[in-house]
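Subject: Structure handover

Hello,

Here is the structure I promised you. Please open it and keep it in view while you read my notes.

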Amino acid sequence: MKNRKYTIGIDFGTDSVRTIVIDSSNGNIVGNAIAKYERWAKGMYCNPSANQFRQHPLDHIESLKHAIKDVMASLSSEIINSIAAISVATTGSTPVAVNKKGVPLALLPGFEENPHAMFILWKDHTAVGEAKEINEMAHTKSSIDYTKYSGGEYSSEWFWAKILHTLRLDNKVSEAAYSWMEHCDWIPALLTGNTDLSTIKRSRCAAGHKAMWHADWNGLPADEFWTQLDPLLSGLRDRLYTDTYTSDQIAGTISEEWSHLLGLPKDVIIGVGSFDAHIGAIGGAIKPYHMVKVIGTSTCDMIVAPKSEIGNKAIHGICGQVDGSILPNMIGLEAGQSAFGDLYAWYRDILMWPANQIITNSKLLDEATKVALLEEMAEGILSELSLAASKIEIKESGIIALDWMNGRRTPNSNQNLKGALQGLTLGTTAPNIFRALVEATAFGSKKIIEQFQEEGVRIDGVIAIGGVAQKSEFVMQILADVLNFPIRIIKSEQTCALGAAMAAAVVAGLYDSIMDAQDAMGSGFQKEYYPIAENVEKYKTLYTQYSTLADFVEAQQLKES
């Protein structure tokens with residue numbers, strides 16, 4: 001270490017941006033702030049019934065300013081002047097159409113209120129049809145299977161499918177879009193003031209996992225592949241990128257404009273961006289063959305393995321394998337579930353519907369009481385359900401649920417799949433259903449571990465990070481019982497921002513490697529959940545029933561499609 005320096009980790013999540021300032025010598029957090037996306041919070045530009053989820057670039061810009069300014073206000077001038085670097089993590093794949101200077105179209109006149117000119121959020125599933133076409137092209141009409149290192153199946157959640165869907169849907173966007181950028185690439189370009197698309201450094205993580213970038217075919221899939229799929233994509237490859245960069249690389253130096261706006265030193269270095277789950281795995285103390293589960297609204301399950309052991313062996317059924325996407329010089333492997341905490345939130349909202357309707361229209365209560373009561377119910381309902389559900393016995397003939405309310409990410413991506421509940425009776429209670437939903441998310445996690453193991457990737461341990469891991473003992477104990485693995489919980493509540501701060505420390509030259517930064521700046525573990533032997537055996541039977549139901553529902557869907 002050189003003189004004491006500080007780094008900033010910024011995590012652009014689904015609902016808000018989180019910022020932490022860390023003492024890079026020991027990992028102590030000296031400042032933090034959270035700013036919500038105002039437009040997103042109002043549900044603007046989204047249509048959940050059509051699986052359309054969009055975010056305005058102004059939400060990201062304004063929240064970034066608020067969060068950084070709030071955290072700067074709490075720091076001494078000595079600390080501020082010692083800030084060396086910033087790195088960012090974002091959700092993904094979250095692409096946006098840009099002009100020749102890398103400006104998102106939604107920031108230009110005529111596109112301000114157009115959802116198709118905004119960031120297409122990771123959870124947007126409007127491009128299911130386009131993903132199917134990409135898979136058919138790659139599997140049957142191309143001399144190269146470009147999905148080979150993406151688990152063998154391209155998802156509607158990812159870069160190319162979203163682009164093609166948008167180009168087909170909106171002629172104005174199609175005509176105005178010179179190129180496209182991932183959110184994690186746009187933020188560093190914004191902060192450095194880089195408007196030259198040819199020199200903006202693109203994330204290896206984003207490109208490899210979501211855009212089918214691979215060294216085997218010299219970057220992105222060939223233009224001929226895309227032209228044959230749809231002429232709307234002709235020539236786009238040449239307007240994107242060839243080279244990609246890992247998160248320990250420098251994107252540039254903060255621009256004078258953003259230095260002034262945020263009150264930061266003019267020599268602050270900006271690191272290459274990455275996706276939240278992957279950089280969160282860094283903050284989550286990832287090491288070879290230990291799965292880091294990022295558990296929030298959805299899950300991302302991250303593993304790293306030495307190149308000498310994985311090489312170019314294609315791991316089927318996952319979300320990709322990319323050299324350096326998590327730790328440089330190691331193969332990063334990604335899987336995950338499209339809904340985890342989102343499934344619980346969905347059930348909460350269903351139970352809240354009558355209350356929202358009746359209390360809102362009640363003549364017995366004043367407006368302030370209505371608002372307070374509804375807020376209390378919404379905040380407490382999952383806690384009450386968890387408490388009641390924890391007292392329910394594990395039954396071999398109980399309710400079985402499928403966790404596919406937002407489709408299935410892995411194993412074997414299929415966003416057309418729907419959820420299901422089996423075994424309901426007139427005696428079924430709300431806690432019964434909630435427990436079944438929690439068990440379903442655990443069973444979905446077990447499917448992912450089994451997929452890795454069947455593909456020859458061993459799992460030596462499980463680490464959990466994220467909101468659900470931090471807050472729900474009920475969920476985490478069931479997960480440990482179903483997986484039959486001890487699960488260690490990272491102490492940090494801002495693991496993605498922590499991982500970004502670690503990457504920033506390497507970018508600034510404060511450490512030689514991300515592993516060194518992990519050792520010095522890691523938060524440690526707060527708790528470990530151990531499988532209960534009796535529960536493990538009971539869940540084996542329920543897991544078999546889950547698998548049988550899953551096979552039946554998927555077969556029915558295939559018949560209907």
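How many residues of helix H11 (residues 276-283) are buried? Eight of its eight residues are, and the helix is mostly covered. Buried means under 20% relative accessible area, with a 1.4 Å probe and protein chains only. Helices (H or I, at least four residues) and strands (E, at least two) are DSSP runs, numbered from the N terminus. Just after H11, Ala285 has a positive phi of about 65 degrees.

This is a predicted model, where local features need pLDDT of at least 70, side-chain atom pairs count only at pLDDT 80 or more, and totals for chains, interfaces and linings use all residues. Residues are numbered from 1 along each chain as its sequence is written, and side-chain values use heavy atoms, leaving out hydrogens and water.

Now strand S18 (residues 461-465). Five of its five residues are buried, so the rest of the structure largely encloses it. Gly461, Ile463 and Ile465 point one way, and Val462 and Ala464 the other. In a regular strand the side chains alternate between the two faces of the sheet.

S18 pairs with strand S12 (residues 290-295) in the parallel sense, over five bridges. Pairing takes at least two DSSP bridges. Val294 has Ile465 as its bridge partner. S18 also runs parallel to strand S19 (residues 487-490), joined by three bridges. There, Ala464 is partnered by Ile489.

Met476 touches Ala464 and Ile489 too, among others including Ile295 and Tyr529. Contact means heavy atoms within 4.5 Å.

Best wishes

Conventions
Buried means under 20% relative accessible area, exposed over 50%, partly exposed in between (1.4 Å probe, protein chains only). Lists of a residue's contacts leave out its neighbours within four places in sequence.
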